[in-house]
Amino acid sequence: LLLARGAAVFAGLTAVGITGYGVRTAFGPPEIDRVRIPLARLPRSMDGLRIATVSDIHLGPLLGRAHTERIVAMINRLDADLVAVVGDLVDGTVTALGEAAAPLRGLHSRHGSYFVTGNHEYYSGVEEWVQELDRLGLRVLQNRRVEVPARGGVLDLAGVNDVSGRGTGLAAGPDYQAALGDRDPSRPVVLLAHQPVAAVEAAKYGVDLQLSGHTHGGQMVPFNLAVGLEQPIVSGLGEVDGTKVYVTNGAGFWGPPVRVGAPPQITLVELRTP
């Protein structure tokens with residue numbers, strides 16, 4: 001009986017300790033992950049092009065303006081060529097969270113800041129958020145691509161709506177043909193797509209690299225195992241049918257404010273020639 005009670009007390013204290021650690025991690029500053037990714041079609045003149053990537057900021061009742069200000073300051077210190085915000089920025093309407101998102105206007109990079117919708121934008125008034133982010137200076141890639149001239153070369157940067165999108169207009173789902181069809185095949189193409197599973201379709205269009213979030217890196221062990229049942233990559237760099245996919249852990253959280261084994265993250269992706 002003494003051993004059983006001792007084990008129960010130990011287990012309880014361990015659970016409390018892990019939860020406390022997870023809460024501090026969730027509310028703490030994101031880690032900076034730096035990853036170098038070689039792309040076969042990247043011109044030598046563009047070697048070293050850097051994309052600051054962040055996802056799943058999840059502004060809402062627990063994460064407000066100070067959270068955004070910290071993320072913007074961290075990204076700006078990276079001195080990136082491009083900024084990519086790959087979905088799930090908000091958990092609420094523009095009316096409720098517009099002030100919290102306002103610091104995004106201060107994002108700096110050489111060739112602009114870009115955004116694609118995540119599934120939570122569709123719960124939060126996607127039409128209004130697209131207009132608000134455009135007002136704040138982020139270019140929202142709604143099933144389209146842009147040419148980014150940089151360092152004497154051109155990068156195709158494409159974005160698709162989240163796979164959970166349904167309906168028409170801004171609330172439509174992904175259209176890979178619109179974003180990736182009829183392009184110059186000699187140029188490298190980077191796709192912004194909130195969910196890693198989008199790579200299954202993106203690979204059919206010869207995408208060199210997809211940048212995604214959504215998974216939170218699992219957020220809490222062992223939920224990372226469950227995430228792996230629906231997403232081909234949970235965290236970090238992987239490959240789907242010849243397309244490289246990098247999944248960042250996200251800078252916020254959803255649900256319980258706990259992160260264990262998957263710290264919040266901002267990623268600096270450096271494109272390299274092979």
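Visitor: Which helix sits in the right-handed β-α-β unit with S3 and S4?
Guide: This is a predicted model, in which local features need pLDDT of at least 70, side-chain atom pairs count only at pLDDT 80 or more, and totals for chains, interfaces and linings use all residues. Residues are numbered from 1 along each chain as its sequence is written, and side-chain values use heavy atoms, without hydrogens and water. Helices (H or I, at least four residues) and strands (E, at least two) are DSSP runs, numbered from the N terminus. Between S3 and S4 in this unit comes H3, residues 94–101.

Visitor: How many bridges join S2 to S3?
Guide: Strands pair if DSSP finds at least two bridges between them. S2 (residues 50–54) runs parallel to S3. Their bridges number four.

Visitor: Which residue in S4 is the bridge partner of valine 83?
Guide: S3 and S4 (residues 113–115) pair in the parallel sense over three bridges. On the S4 side, valine 83 meets serine 113.

Visitor: Which residues of S3 point the other way from Leu82 and Ala84?
Guide: In a regular strand the side chains alternate between the two faces of the sheet. In S3 (residues 82–85), Leu82 and Ala84 point one way. Pointing the other way are Val83 and Val85.

Visitor: Is histidine 67 buried or exposed?
Guide: Histidine 67 lies in helix H2, residues 65–77. Buried means under 20% relative accessible area, exposed over 50%, partly exposed in between (1.4 Å probe, protein chains only). Because its relative accessibility is 6%, histidine 67 is buried.

Terms used:
Right-handed = clockwise from strand over helix to strand, strands pointing away.
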